[in-house]
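Have a look at the picture first, then read on.

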Amino acid sequence: MKITDIMKERMSLSFEVFPPKADKPMEPLMEVLDQLYSVKPDFVSCTYGAGGTNAGRHMEICKAIADSDNDTIPIAHFTTIAATKDSVRSQMQACLDNGIDHVLALRGDIPQGWESTRGDFSHASELIGFLREEFGDKFAIAMAGAPEKHIEARTFEEDIAHLRMKQDAGADLLMTQLCYDVNHFETWMEKIRKAGVYLPIDVGIMPVLNKNSVIRMCLGMNGCSIPQPLAELISRHYNDTDEDFRKAGIEYTIRQVFEYMALGINGIHFYSLNKADAVLEICDGCGLTYRK
């Protein structure tokens with residue numbers, strides 16, 4: 001079954017993980033996955049490092065998910081960074097050989113010091129189009145969306161145009177980057193629908209667990225806003241212990257998930273940060289542990 005088929009029936013639940021560094025054991029992540037399986041996620045996506053670093057472990061994790069007895073679908077992240085047509089053909093065939101038929105096609109972050117992707121594809125839309133041309137319907141292809149605009153896009157209109165291009169190239173599903181401003185997300189969703197982007201939307205949720213992490217994620221990495229309610233939470237609990245802030249942040253995240261659900265989104269995708277406790281507590285608070 002494809003994720004898009006699941007989304008036609010109900011809202012999906014999923015998580016993102018990333019491979020441990022090459023000198024670190026794999027077992028702790030496998031234990032986290034076993035914990036995440038307890039809420040019967042529809043899929044788990046797995047990232048890899050810039051330029052394909054940790055790609056081997058990325059494949060190992062996706063295969064482990066595919067081989068598990070939990071009906072959980074693996075989504076393999078794949079970027080254009082240093083990717084040639086031949087390398088894409090080879091790696092995508094390896095995915096199919098390992099039971100992986102869902103990919104998230106991304107341009108990826110240009111490594112520091114590079115001026116281009118140094119591959120055969122400059123944009124995610126080109127990669128998506130190539131995958132469709134080479135593999136037909138063998139893959140379900142997800143594309144990324146930035147509700148507050150990709151930091152390299154000059155305008156929202158330009159960014160939305162790129163979304164439409166990726167959809168028209170053959171994407172099946174839109175997975176969003178983090179966005180703490182639900183009101184802005186609603187406006188963005190209305191704009192992309194008006195522009196003809198009709199794909200189901202899977203919302204990326206970054207749990208609020210640490211004030212410094214929130215500030216770094218928003219302002220240091222993604223160019224995202226910190227809306228007034230979240231700014232107030234950070235201010236009220238600024239001098240709290242890490243555990244007290246975590247409790248307040250989990251309550252905030254639960255309310256945010258409800259707000260997204262009220263918009264009629266098609267899926268909730270938690271960035272787990274390779275830890276299970278917090279996201280499972282949030283799932284429990286949202287009633288998502290009893291969905292099946």
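## Starting at Val32

Val32 is found in helix H2. Along the sequence Val32 and Asn274 are 242 residues apart, yet in space they are 6.7 Å apart, C-alpha to C-alpha. Val32 is buried, with a relative accessible area of 9%. Buried means under 20% relative accessible area, exposed means over 50%, and partly exposed is in between (1.4 Å probe, protein chains only).

A word on the ground rules: this is a predicted model, so local features need pLDDT of at least 70 and side-chain atom pairs count only at pLDDT 80 or more, while totals for chains, interfaces and linings use all residues. Residues are numbered from 1 along each chain as its sequence is written, and side-chain values use heavy atoms, with hydrogens and water left out.

## The whole chain

Now zoom out. The protein chain has eleven helices and eight strands; these are DSSP runs numbered from the N terminus, with helices (H or I) of at least four residues and strands (E) of at least two. A compact globule of 292 residues would have a radius of gyration near 19 Å, and the 18 Å of the protein chain agrees with that. That radius is taken over C-alpha atoms, and the globule rule is 2.2 Å times the number of residues to the power 0.38. Along the principal axes, the C-alpha atoms fill a box of roughly 55 × 45 × 45 Å.

Of the 292 residues, 50% are buried. Among contacts with a separation of 6 or more, 80% are between residues 24 or more positions apart. As for charge, the chain has 30 positive and 43 negative side chains, and the centres of the two sets lie 2 Å apart. Here Lys and Arg count as positive and Asp and Glu as negative, while His and the chain ends are not counted; each charge is placed at NZ of Lys, CZ of Arg, CG of Asp or CD of Glu.

## What's inside

Which residues touch the most other members of the largest nonpolar core? They are Val88, Met92, Leu131, Phe185, Tyr260 and Phe270, out of 65 residues in that core. Helix H11 (residues 277-286) gives this core its largest share, six residues. Apart from it lies another core, of 15 residues, including Val214, Met217, Ile234 and Phe245. A nonpolar core is a set of buried Ala, Val, Leu, Ile, Met, Phe, Trp, Tyr and Cys residues joined through side-chain atoms within 4.5 Å.

## Helix H11 and its cover

The buried residues of H11 are Ala278, Val279, Leu280, Ile282, Cys283 and Cys286. A handy bit of background: an α-helix has 3.6 residues a turn, so residues three or four places apart point the same way. The cover over the buried residues of H11 includes strand S1 (12-17), helix H2 (27-36), helix H10 (242-262) and strand S8 (267-271). Just after H11, Gly287 takes a positive phi of about 80°.

Most residues other than glycine have a negative phi. Lys40, in the loop between H2 and strand S2 (43-46), has a positive phi near 55°. Lys40 is partly exposed, at a relative accessible area of 45%.

Ala82 has a positive phi too, near 60°. Ala82 lies in the loop between strand S3 (73-79) and helix H4 (85-97), and is partly exposed at 37% relative accessible area.

## Two more meeting points

Ala169 lies in helix H6 (residues 156-169). Ala169 and Glu126 are 43 residues apart along the chain, and their C-alpha atoms are separated by 7.5 Å. Not counting residues up to four places away in sequence, Ala169 touches Ser125, Ile128, Gly129 and Arg132.

Is His150 buried or partly exposed? At 26% relative accessibility, His150 counts as partly exposed. His150 sits in the loop between strand S5 (140-145) and H6. Leaving aside neighbours within four places in sequence, His150 is in contact with Arg107, Asp159 and Gln177. The C-alpha atoms of His150 and Asn222, 72 residues apart along the chain, are separated by 7.8 Å.

Key. Contact means heavy atoms within 4.5 Å.
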